[in-house]
Amino acid sequence: MKKALGISGSPVKDSNTDILVETILEAISADQEFIKLSNLEVGPCRACKKCVYTNQCVLDDDFKWLSQMVLDADALVIGTPIMYASASGFTKAFVERLWSLRHVKLLTQGKIGATAVVGWAPTEDVSEWLKFIMIGAGIELVGNVVGHGSPGCFTCGPGETCSYSVWNSGKKIEKMSGLKLGMEKIYQGHLEELPDNDPLTNPSYKILKCISVKDQPETMEKAVNIGKAIGAKLETLG
Ligand SMILES: Cc1cc2nc3c(=O)[nH]c(=O)nc-3n(C[C@H](O)[C@H](O)[C@H](O)COP(=O)(O)O)c2cc1C
């Protein structure tokens, strides 16, 4: 039986990224394993280059066995939340450590892969970055899905009155730079401005709706279809 490995770089329990990665995995119909990086110790690459002639990272953490799982997998699905317009730190550290598998041999070559990215206001760049990483690792990319998650701010507790929420920070940036960030459109239907609100001196909002990828049928369907396409590819490999 072929093996599929799903890796989520979200630290949140049962997160949107987890859901997309697991949905893809379940549609593959192969032996499957789901790994949450935040439950492991996988630190960033130290650039010591001791892996260059062995293709084995010398750092003593969970990448020791996780790298073997990556090597054993026929299909690899990597998912990340967007944090500060980038992949999560967990994802970034894991991706850096994949470097050990590259030198001369490109040990990840020939695997089938897919990516899943979730952000409150997801842009294509993190998804493009992850695609680029996987293609560079010699992985045949079958699909990529981008989901819409909840805002980091406003759902945190004091966020509705926080002067430094992403909304108020954005408003300050707009005021100071004259740039238009288009936040009204992103937040429309999700955030209600309360009557006593003044974005700069007395922030006062109500979050109306948190978001789960489960409520996005097109996104979920795309994840299922990616899983099926990976399954079909694996079958052709015999
Ligand atoms: C510290 C932090 C920073 C974030 N930065 C961004 C961001 O730059 N862009 C964005 O679209 N969403 C951002 N978000 C929102 C998350 O991407 C969103 O909540 C997503 O659902 C997280 O995925 P998860 O549910 O799989 O953890 C941020 C969230 C946190 C906690």
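**Helix packing, ligand shell and domains**

Leu20, Thr23, Ile24, Leu25, Glu26, Ala27 and Ile28 of α1 are in contact with Met220, Ala223, Val224, Ile226, Gly227, Lys228, Ile230 and Gly231 of α7, contact requiring C-beta atoms, placed from the backbone, to lie within 7 Å. By class, this contact of α1 with α7 has 10 nonpolar, three polar and two charged residues; Ala, Val, Leu, Ile, Met, Phe, Trp, Tyr, Cys and Pro count as nonpolar, Asp, Glu, Lys and Arg as charged, and the others, Gly among them, as polar. The model is predicted: local features need pLDDT of at least 70, side-chain atom pairs count only at pLDDT 80 or more, and totals for chains, interfaces and linings use all residues. Residues are numbered from 1 along each chain as its sequence is written.

The axes of α1 (residues 16-28) and α7 (residues 217-236) come within 7 Å and cross at roughly 40°. That angle makes α1 oblique to α7, a class left over once angles under 35 degrees (roughly parallel), over 145 (roughly antiparallel) and 65 to 115 (roughly perpendicular) are set aside. The crossing of α1 past α7 is right-handed.

Helix α1 also takes part in the ligand shell: α1, β3 (75-83) and β5 (112-119) each supply at least two of its residues. The largest share, three residues, comes from β3. In total, 19 residues surround the ligand, the closest being Thr17, Pro81, Gly119, Gly149 and Gly152; the C-beta atom, placed from the backbone, must lie within 6 Å. The shell divides into 11 nonpolar, eight polar and no charged residues.

The chain is divided into domain 1 (3-150 + 211-236) and domain 2 (158-207). Their centres, taken over C-alpha atoms, are separated by 33 Å.

Notes
Axes fitted to C-alpha atoms, helices over the stretch in contact; angles between N-to-C directions. Helix = DSSP H or I, 4+ residues; strand = E, 2+ residues; numbered from the N terminus. Left-handed = near helix turned anticlockwise from the far one by under 90°. Contact = placed C-beta atoms within 7 Å. Domains from an automatic or database assignment.
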